[in-house]
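Q: Could you walk me through this structure, please? I am new to it.

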Amino acid sequence: MAGPLEETPEWQALVRHQRELAGRDLRTLFEEDPERGEQLAVEACGLHLDASKNIVSDETISLLLALAERRDLGGRTDAMLRGDRINSTENRAVLHTALRAPRGESIEVDGTNVVPDVHAVLDHMESFARRVRDGDWTGHTGSRIRNVVNIGIGGSDLGPRMAVEALRPYADPELRVRFVSNVDPSEFVDVTRGLDPAETLFVICSKTFTTLETLANARSARNWCVGALGDEAAVRRHFVAVSTNAEEVRNFGIDPEAMFEFWDWVGGRYSLESAIGLSLMLAIGPDAFRELLAGSHAMDVHFRSARPRENLPVLLGLLGIWYANFWGAETHAVLPYDQRLSQFVDYLQQLDMESNGKRVDRDGRVLSHTTGPIVWGQPGTNGQHAFFQLLHQGTRLVPCDFIGFAESSNPIGEQHELLLANCIAQSQALAFGRTAEEAEAVGVSPALVPHRTFPGNRPSNTILARRLDPYTLGTLVALYEHKVFVQGVVWGVNSFDQFGVELGKELSSRLARDLTGTADPGKDHDSSTAALIRRYRAFRSS
């Protein structure tokens with residue numbers, strides 16, 4: 001890798017440019033260019049991106065694109081898409097894009113075309129999903145499956161959980177799909193409360209089939225099911241696995257024929273469209289699932305082929321860098337104006353923060369520039385009554401993505417128009433604010449004018465689509481995947497490992513034994529940890 005990012009001429013040019021632009025505001029930029037709202041808008045794959053409410057000029061975009069070129073974004077993109085092992089710390093290819101490649105395409109890993117394998121698994125998933133949905137796959141007692149419980153954690157939970165909720169209007173209302181991820185037994189108890197074991201199918205998602213939290217919940221599910229049905233053989237009709245470890249799957253009691261494979265070139269947070277999405281396919285059906293894949297593939301094609309200035313993931317990624325590295329923004333808010341996307345921000349938190357929350361570059365050198373932002377948010381209009389006060393009048397700069405849809409899946413009166421009016425109005429208010437003179441003009445008393453003025457100049461993107469359907473959700477998923485990739489390339493980090501999640505898990509295994517032990521914890525732990533273990537034991541003993 002080349003020298004420090006901050007020493008490149010492109011970075012230094014952006015530093016100087018930010019100082020020049022800091023003296024201007026969005027009101028001025030719009031006054032100078034009455035067509036700005038159209039000129040800084042891009043459409044692709046059914047998505048309309050309005051980037052005009054960003055504190056940028058044409059020169060800003062040019063300078064950011066020059067920085068991306070300096071970091072070889074085009075070359076890194078080609079390397080990812082052709083199957084090079086760009087996950088250098090784990091020596092793996094990164095090919096979630098192959099999961100949605102059409103049948104007949106060729107994408108090679110170590111000289112082997114992986115697309116036929118992808119479609120073989122998709123066909124296996126489809127056959128099984130149709131059998132469950134049609135009632136041909138029954139439980140141990142012959143009862144129809146009416147409940148599906150997905151057991152996973154991280155990417156094996158957040159992606160399908162998000163998508164099942166987002167696409168609920170497309171789901172079979174006779175098939176309830178629920179999720180268990182937390183090792184806290186309360187979640188398992190709450191999710192299974194009221195379910196009939198004879199009508200419940202568990203989908204156990206673990207690549208290695210050794211994930212601590214997932215296996216703990218899987219064993220609880222096994223005990224719950226077998227205890228109710230009274231026969232170990234019931235496991236074969238009520239459990240399927242998404243894994244690569246056939247031996248452990250068999251040892252659990254699951255028929256290896258009911259195991260759905262995925263590959264080491266699919267990272268967990270990028271695995272929604274692999275066999276990890278089986279619970280989603282069961283919910284919405286194979287045809288709708290393939291529409292999701294088609295939407296993501298369309299965005300893949302756009303990302304690979306569109307000119308950088310008209311490339312949605314490139315623009316979103318570079319704008320995020322602009323605020324994080326040159327304006328000091330520490331967080332990024334995602335604000336979907338559709339209740340069906342209530343889990344979307346949770347999904348993006350893992351996608352973004354696990355990918356780019358890194359302190360060293362791909363060569364292991366400690367970075368001196370900021371990397372991944374803290375991603376947060378909530379569906380509108382709820383967020384407006386929670387944290388929008390800080391967005392409008394707080395002291396922190398928080399760039400925002402607003403996401404809205406022209407059609408509602410549940411049109412009632414004029415409520416959808418009211419929802420979309422709020423979406424657009426909030427971005428308008430953030431951008432332009434309200435001056436003291438404008439506050440006085442609407443009758444605000446002089447004493448309250450400071451409290452009723454809004455500084456504006458708060459940047460945002462607005463993404464509009466016709467409706468939230470499987471295809472559109474696929475485009476949104478791929479859009480943010482590629483946005484995160486763009487930022488990782490510029491920052492010089494490996495976006496595809498996640499060693500930061502491991503240390504705490506390693507320590508917890510030993511601590512779990514110490515919590516129930518009797519030995520003095522002070523021998524093996526720091527004073528704080530030892531004191532907490534003693535206090536826990538005291539609570540339990542009393």
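Q: How many of the residues of the protein chain count as buried?
A: Of the 542 residues, 52% count as buried; buried means under 20% relative accessible area, exposed means over 50%, and partly exposed lies in between, with a 1.4 Å probe and protein chains only.

Q: What kind of model is this, and how are residues numbered?
A: This is a predicted model, in which local features need pLDDT of at least 70 and side-chain atom pairs count only at pLDDT 80 or more, while totals for chains, interfaces and linings use all residues. Residues are numbered from 1 along each chain as its sequence is written, and side-chain values use heavy atoms, with hydrogens and water left out.

Q: What box do the C-alpha atoms fill?
A: Taken along the principal axes, the box is roughly 75 × 60 × 55 Å.

Q: How many helices and strands are there?
A: The protein chain has 22 helices and 13 strands. These are DSSP runs numbered from the N terminus, with helices being H or I of at least four residues and strands E of at least two.

Q: At what angle do α15 and α20 cross?
A: The axes of α15 (residues 344-356) and α20 (residues 470-491) cross at roughly 20° and come within 10 Å. Axes are lines fitted to C-alpha atoms, for helices over the stretch in contact, and angles run from 0 to 180 degrees between N-to-C directions. The angle therefore makes α15 roughly parallel to α20; under 35 degrees counts as roughly parallel, over 145 as roughly antiparallel, 65 to 115 as roughly perpendicular and the rest as oblique.

Q: Which residues make that contact?
A: Among them are F344, Y347 and L348 of α15, and Y480, V484 and W491 of α20. Contact means heavy atoms within 4.5 Å.

Q: And α21 with α22, at what angle do they pack?
A: Helix α21 (residues 502-516) and helix α22 (residues 527-541) pack at about 45°, with their axes 9 Å apart. That makes α21 oblique to α22. The contact is made by L511, D514 and L515 of α21 with T529, I533, Y536 and R537 of α22.

Q: Changing topic: where is N311, and is it buried or exposed?
A: N311 is in the loop between α13 (286-305) and α14 (312-326). N311 is buried, with a relative accessible area of 2%. Leaving aside neighbours within four places in sequence, N311 is in contact with H302, F303 and A306.

Q: Which peptide bond is cis?
A: A cis peptide bond joins G380 and T381, with omega about 10°. T381 lies in the loop between β11 (374-376) and α16 (388-393).

Q: What about phi of D110?
A: Phi of D110 is near 55°, a positive value in a residue other than glycine. Most residues other than glycine have a negative phi, and most peptide bonds are trans. D110 lies in the loop between β3 and β4 (112-113) and is exposed, with a relative accessible area of 59%. N91 also has a positive phi, of about 55°, although N91 is not a glycine.
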